[in-house]
Amino acid sequence: MRDFMNWLSQIFSVAFFNLRTIPERKGAAVTAAIGIAGVVAVLVSVLAIAEGFRRALTVSGSPDVAIVLRSGADSEMTSGFSRDETRMIADAPGIARNAQGPLASAELFVIIDLPKRSTGMSANVPLRGIEAQAFDVRGNVAMVQGRRFERGKNEIIVGVGAARAFGGLDLDREIRVGQNTWRIVGIFTAGGGVAESEIWSDAAVLQPAYNRNDNYQSVTARLHSAAAFQEFKDALTANPQLTVKVARLSDFFAEQSTFTTDFITKIGVFIAALMALGALFAALNTMYNAVAARTREIATLRALGFGSIPVVISVLAESFALALAGGAFGALAAYFVFNGYTATTMNAQTFSQVTFAFAVTPRLLVLAIVWAAVLGLIGGLFPAIRAARLSIASGLRET
Amino acid sequence: MKFFGLVWSNLKRKKLRAVLTTLSIFVAFLLFGFLCAIKAAFTAGVTLAGKDRLMVRHKISIIQSLPQSYEQRIGQIPGVDAVAGQSWFGGIYKEPKNFFASIPVEPEKFLAMFPEYLVPPGEKEAWLKVRNGAIIGRTLAKRFQFKVGDHIPLTSPIWGEPAGKSHWDFEVVGIYDGQKTGTDTSGMFFRYDYFDEARPRGKGEIGWFSVRIRNADQSAEIAKKIDDEFANSPNETKAESEAAMIAGFAQQVGDIGTILMAVLSAVFFTILLVVGNAMGQAVRERTEEIGVLKAIGFTNERVLFLVLLESCVIALVGGLLGLGLAWLLALLLGGLVASILPVFYVPGRDLLLGAGFVLVLGLVAGIFPAMQAMRLRIAEALRRNA
């Protein structure tokens, strides 16, 4: 036991001694730390893009809201229903009701060209025609400016994301789409979800404007509870007059985000992995140099009777400390620069623009620290082994 | 060049450090190469777009179709040489994740409009004979091992399937190649007459028109004439040059250029520090030697040159190997990523740019240690470690 305590105190004193000498090797130490900071910052920012996009799509749906599409449709764009079909769907069991009837909204989904504010180039902006119940179906829509549109009028309301990203979408202005002029009467939020990238109008007004006669593309409905989903789904799929695909809104959006998030994540991890390799070489270089510069010191310690394990650990501790400092710096830099940064991109499934905010989540910060720690340990390990293997006699003679 | 031996033995004195420094430069330029390939994937369409071609689509958005009759009306506008319609079929091969572009066209008009798609004459002949015939790109053929004579079943959520059938059946009658490296060969083209007859929805509708104009300088003018022709009709158009249309589309995905620039700057800054630091160390260790060199008559400029040469050699070895490997891997991996990035290669222009960066990196990383070495006073240098 005493031996063990002695051993432990050796480790602490050598490691502490080592860490205290870092300032003498400022240049090399800072280089290694910055190398790792760079890797971590790039990794975190790229993954924050994917995370933000995923979040924008997944916070959109609560589990007790369902969406119904035509069977075989992969998005609202390729789906279609007649009015009779949407009525049949709205009458299905499991749907919650209020004084106005079932909480279901038959909707149209089209895209229109509007210029991006940032570049002036035209982009595909989603325009959704909704029914009156849509607000209660979603439950998280709040007007931040103006009011809701009036039924039967050429009025639209605009999500905050769309209003920020696309030119001309300001309160009380008018936009012309094809033969129609729409007045913007309100700006709304939707809990950070994808609806904030959309423009909403009265479905009944949008239909003739797009030659859709009496057709819709999807039905969104609020259920009694999340558990009522199975009952609702079974009733619709069993109905011989309908060929539909039913999904919880949350699952539907999660599926829609897969392609884009996978793409960004893969590229991000690939870039970060290559950068990590580069930084690893830098860290190895720094630590080898640190060991080389301290050859005489280490030999002296060994000659005084310090074991080789404390020496190994002291070198590891140094590289670990540098890596953690670099990693923390990189992660924080990414957080302060990018968290909440808003951007738009195309949702591969609907061809339309989604505005979202980069999200540097705690999970990403932890991941960053883990990468940094691993880099630090590997970068320190081989130089540490070299330090432990130094011959005392020749080490003492070294200039 | 006579000092090359000296530089070489200086590099060899700390082999491990030289190797590690070279490797970090190598990795940086490997990454540079890949990022250029990704950027090329997003912008290839723009650089290869036909300068004498316009694209005409529905003004409201690309998802709205135009009437077939527009083809003839556009053709009558002065300055227009040819018109070819295309549509988005959105075919699904077994599963959505197998996505590839599938587009109905009129074969002769289409091939005349896009000479960059090379189809062997015999296969073109076959396409004109086989009603459900399709030509597929080389990349697509490789991706699913399709060959001439194969049948490809597709479903189309947009247009539905032919009456009484569960899917559309296409026979591969030809495989087309691209005229240039960046030409997209990841898609499939099939006959419009077969498509229009069998589709249950939207008969007589065309997605967009490609228009060849006589004089590329007049593209803006003719685009305006086309839009005026259909102004105030239920289907107004938006005509623009092919390059503008493709650039706009790529831009909607995100500003790829800015993102890549940010990543590359981070990488280069990091690597510059690492290499600069290693070089600085190498020079500090040799203070005494440099003093000796100067004592035997090396001029300040020559010492500066020697140190710079050393850092440039490291940068060139690492950097050129990295660029070379990126180029090679892009060539070999191109087929694997075809589902996401139909075009994947490192353009020659970027390789040259990369080589330029390699040299700049070598010079900038070496300049401070080199100046330091140049300014050393002989007496001090020789005394330093005594």
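**Entry 1: ground rules.** I call two residues in contact if their C-beta atoms, placed from the backbone, lie within 7 Å. I am working on a predicted model, where local features need pLDDT of at least 70, side-chain atom pairs count only at pLDDT 80 or more, and totals for chains, interfaces and linings use all residues. Residues are numbered from 1 along each chain as its sequence is written, while chains are lettered from A and ligands numbered from 1 in the order in which they are written.

**Entry 2: where A meets B.** I looked up the contact and found 44 residues from chain A and 40 residues from chain B. On the chain A side, the elements giving two or more residues are helix H2 (26-58), strand S5 (104-115), strand S6 (122-130), helix H8 (249-293) and strand S15 (342-347). My helices (H or I, at least four residues) and strands (E, at least two) are DSSP runs, numbered from the N terminus. Which element of chain A gives the most to this side? I found H8(A), with 13 residues. By class, I have 25 nonpolar, 17 polar and 2 charged residues on that side. Here Ala, Val, Leu, Ile, Met, Phe, Trp, Tyr, Cys and Pro count as nonpolar, Asp, Glu, Lys and Arg as charged, and the others, Gly among them, as polar.

**Entry 3: chain A overall.** I noted 12 helices and 16 strands in chain A. Its radius of gyration is 30 Å, well over the 21 Å that the globule rule gives for 399 residues, so chain A is more spread out than a compact globule. (The radius is taken over C-alpha atoms, and the rule is 2.2 Å times the number of residues to the power 0.38.) The C-alpha trace of chain A spans about 95 × 45 × 30 Å along its principal axes. I get 52% of its 399 residues as buried, where buried means 20 or more other C-beta atoms within 10 Å of the residue's own, exposed means 12 or fewer, and partly exposed is in between, with C-beta atoms placed from the backbone.

**Entry 4: strand S8 of chain A.** Strands pair if DSSP finds at least two bridges between them. S8(A) runs parallel to S10 (residues 180-189) over 5 bridges, with A:Glu155 partnered by A:Arg183. With S11 (residues 199-202), S8(A) pairs in the antiparallel sense over 3 bridges; there A:Val158 has A:Ile199 as its bridge partner.

**Entry 5: chain B and its helix H13.** I counted 14 helices and 12 strands in chain B. Buried residues make up 42% of its 386 residues. H13 (residues 348-375) has 28 residues and reaches 41 Å from first C-alpha to last, close to the expected 40 Å, the expected span being 1.5 Å times one less than the number of residues. Where is the kink in H13(B)? I found about 40° at B:Ile367, shortly before B:Pro369; the bend is the angle between axes fitted to the seven residues ending there and the seven starting there. B:Pro369 is among the buried residues of this helix, which include B:Gly366 and B:Ala370.

**Entry 6: two positive phi values.** Most residues other than glycine have a negative phi, and I wrote down two exceptions. A:Asp172 has phi near 70° and sits in the loop between H5 (160-165) and S9 (174-177) of chain A. B:Asn232 has phi near 60°, in the loop between H8 (219-229) and S12 (237-241) of chain B. Buried or exposed? I found A:Asp172 exposed, with 10 other C-beta atoms within 10 Å, and B:Asn232 exposed, with 7.
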